[in-house]
Amino acid sequence: TAWAFACIGWSNFNFFVALLSSSGRKHQGSFTDVELSQLHQVSLHFKLEFPDQTFPLAHMQAELITAFKGQEPRPSKLQCDVASALTRIRWDHAFEYVTPENLSLDT
């Protein structure tokens, strides 16, 4: 996956602007909640990678956040296994931690 993102310019500002501006114009109103939730995650990456720039779908930000918060969490098997192991050894931990930037971190 990292290789694919490197090939398409994952950290390239112009790539994001071209892709998101075009998608937003063509498909606004037709995104599913899952797609909007994924776009919210893209917006988080965008804000961290390009803090001085405006996210191309900023006008949809409230809709993206609502869709993201409405999705059921889908923890990985690894996350569940780690949490179970920590519980067995009585290690106090949070299953998931949400940062002030709204990033969700696993245990």
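**Entry 1: two helices crossing.** I looked up α3 and α4 to begin with. Their axes come within 7 Å and cross at roughly 115°. Axes here are lines fitted to C-alpha atoms, for helices over the stretch in contact, and angles run from 0 to 180 degrees between N-to-C directions. α3 and α4 are therefore roughly perpendicular to each other (under 35 degrees counts as roughly parallel, over 145 as roughly antiparallel, 65 to 115 as roughly perpendicular and the rest as oblique). From α3, the contact uses Asp33, Leu36, Ser37, Leu39, His40, Gln41, Ser43 and Lys47. From α4, I noted Gln61, Glu63, Leu64, Ile65, Ala67 and Phe68. Contact means heavy atoms within 4.5 Å.

**Entry 2: ground rules.** This is a predicted model, where local features need pLDDT of at least 70, side-chain atom pairs count only at pLDDT 80 or more, and totals for chains, interfaces and linings use all residues. Residues are numbered from 1 along each chain as its sequence is written, and side-chain values use heavy atoms, with hydrogens and water left out. Helices (H or I, at least four residues) and strands (E, at least two) are DSSP runs, numbered from the N terminus.

**Entry 3: the sides of α4.** Which residues of α4 are buried? I found Gln61, Leu64 and Ala67 in this helix of residues 61-70. Buried means under 20% relative accessible area, exposed over 50%, and partly exposed in between (1.4 Å probe, protein chains only). Down the axis of α4, its buried residues fall within an arc of 130°, so they line one face of the helix. The arc is that of the directions from the helix axis to the C-beta atoms. These buried residues pack against α3 (33-49). The face turned away from the buried side carries exposed Ala62, Thr66, Lys69 and Gly70.

**Entry 4: Thr66.** I checked Thr66 by itself. Its relative accessible area is 57%, which makes Thr66 exposed. Thr66 and Leu36 are 30 residues apart in sequence. In space they are 8.7 Å apart, C-alpha to C-alpha.

**Entry 5: on to α5.** The buried residues of α5 are Gln79, Ala83 and Leu86. Seen down the axis of α5, they fall within an arc of 65°, so they line one face of the helix. They pack against β1 (96-98) and β2 (104-106). On the other side of α5, I found Lys77, Leu78 and Arg88 exposed. Just after α5, Arg90 takes a positive phi of about 60°.
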